[in-house]
Amino acid sequence: MQHGPAVRRRKLGAELRALRADAGLTSGEAARLLGWHQSKVSRIETGTSGVKPTDVERLLDAYAVENPELRELLVVLAGSEGHGRHHWWHAYRGVLPPTYREFISLESQASGMRTLETSVVPGLLQTPEYARAVTRAAVDGLEDTKLDALVEVRLARQDVLRSHPPLELSAVLDEAVLRREVGGPDVMARQLNRLREAAALPQVRLQVLPFAAGAHIGVTGPFVIFSFPNTTDLDVVVLDHLTSSLYLERKEDLRAYSEAFNALQFHALSPEDSLDYIAGIPDGT
């Protein structure tokens, strides 16, 4: 169990190691091609040291990797802002903690996101008023300027649902998410309407897990599973805590959380019935 940057280094190193093997090269041969010491290639592949985006590109050239999406993803994992993609959240470095920036970076590059929410509406589906009320409650004594910035970030993140191709979002919401009055009845009414609008998007699958379902595998808390294009080796589970986020990368962890999410979807209402259920909640209460 590790924090995000270490996970990304290890995942990047593992992918580069696999690509080198596919190219039929030893680590020593790869190092000689680039004029490096073999130890540098080894440190990169084991994730014990970081690697510059330009060095990742040189490795990919040496391994004759031509897939543009895979190349971009691996360069981004190394921390690149290249290829014309603007990492807008860097403008908020003074407001966002490193673990949140890491989460946004993963979210911006993921092709799919599966999430269980047990308390609040997922950030990608929040209205501005709801986002403000949630943020104010979560961070005690927040100055108005910082509150405004955090709400701006929350709303800017939602662009991934409108990108090309868009992020594929599958969300299971515990009924408590819909019943908890955040910001007052008017704010909740608009938020529930926003959920109905979002559920109509082809890239969004929304399901409600009603109280009647009883105890379920998600009672231990919310989680997010990010999936990435071209490879499952980069998939990661994110668990949020009050002061930090934890990133799980082991195959057994990914398998366990994927199976848990599948079970939650099975016990939840269908997307169609979930829409009817949300529509039946009067005045956001």
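Helices here are DSSP runs of H or I with at least four residues, strands are E runs of at least two, and both are numbered from the N terminus. With that in hand, take residues 16-70: the chain there is 67% helix and 0% strand, with its end C-alpha atoms 11 Å apart. What you're looking at is a predicted model, where local features need pLDDT of at least 70, side-chain atom pairs count only at pLDDT 80 or more, and totals for chains, interfaces and linings use all residues. Residues are numbered from 1 along each chain as its sequence is written, and side-chain values use heavy atoms, leaving out hydrogens and water.

**The annotated stretch**
- UniProt, in an unreviewed entry, places the feature "domain: HTH cro/C1-type" at residues 16-70.
- UniProt positions follow the numbering used here, feature names are shortened, and annotations may be inferred rather than shown by experiment.

**The cores**
- A nonpolar core is a set of buried Ala, Val, Leu, Ile, Met, Phe, Trp, Tyr and Cys residues joined through side-chain atoms within 4.5 Å.
- Buried means under 20% relative accessible area, exposed means over 50%, and partly exposed is in between (1.4 Å probe, protein chains only).
- The largest nonpolar core has 70 residues, and Leu74, Leu195 and Phe226 touch the most other members.
- Helix H10 (residues 185-199) gives the most to this core, with six residues.
- There's also a second, separate core of 14 residues, which includes Leu209, Leu246, Leu264 and Ala268.
- Back to leucine 74: setting aside neighbours within four places in sequence, leucine 74 is in contact (heavy atoms within 4.5 Å) with Leu12, Glu15, Leu16, Leu19, Val56, Leu60 and Leu234.

**Rings and a charge**
- Rings of Phe, Tyr and Trp (its six-membered ring) pair if their centres lie within 6.5 Å; planes under 30 degrees apart count as stacked, over 60 as edge-to-face and the rest as tilted.
- Searching the whole structure turns up five aromatic pairs.
- Phenylalanine 223 and tyrosine 257 have ring centres 5.0 Å apart and planes at 70 degrees, so this pair is edge-to-face.
- Phenylalanine 223 sits in strand E4 (residues 223-228) and tyrosine 257 in helix H11 (residues 251-267), so the pair ties together parts that are 34 residues apart in sequence.
- Phenylalanine 223 is buried at 4% relative accessible area, while tyrosine 257 is partly exposed at 23%.
- Phenylalanine 223 also forms an edge-to-face pair with phenylalanine 261, at 6.5 Å centre to centre and 75 degrees between the planes.
- That pair links strand E4 with helix H11 across 38 residues, and both phenylalanine 223 and phenylalanine 261 are buried.
- Elsewhere, ring pairs join Trp88, Trp89 and Tyr92 into a cluster.
- Lysine 40 lies over the face of tryptophan 36, at 4.0 Å from the ring centre; a charge counts as over a ring if NZ of Lys or CZ of Arg is within 6 Å of the ring centre and within 35 degrees of the ring normal.

**Helix H12**
- Pro271, Ser274 and Ile278 are the buried residues of helix H12 (residues 271-279).
- Seen down the axis of H12, the buried residues fall within an arc of 55 degrees, so they line one face of the helix; the arc uses the directions from the helix axis to the C-beta atoms.
- Those buried residues pack against helix H9 (175-179), H10 and strand E3 (204-209).
- On the other side of H12, Glu272 and Asp276 are exposed.

**Valine 120**
- Valine 120 is in the loop between strand E1 (112-117) and helix H7 (128-138), and is partly exposed at 25% relative accessible area.
- Not counting residues up to four places away in sequence, valine 120 touches Tyr130, Val134 and Val177.
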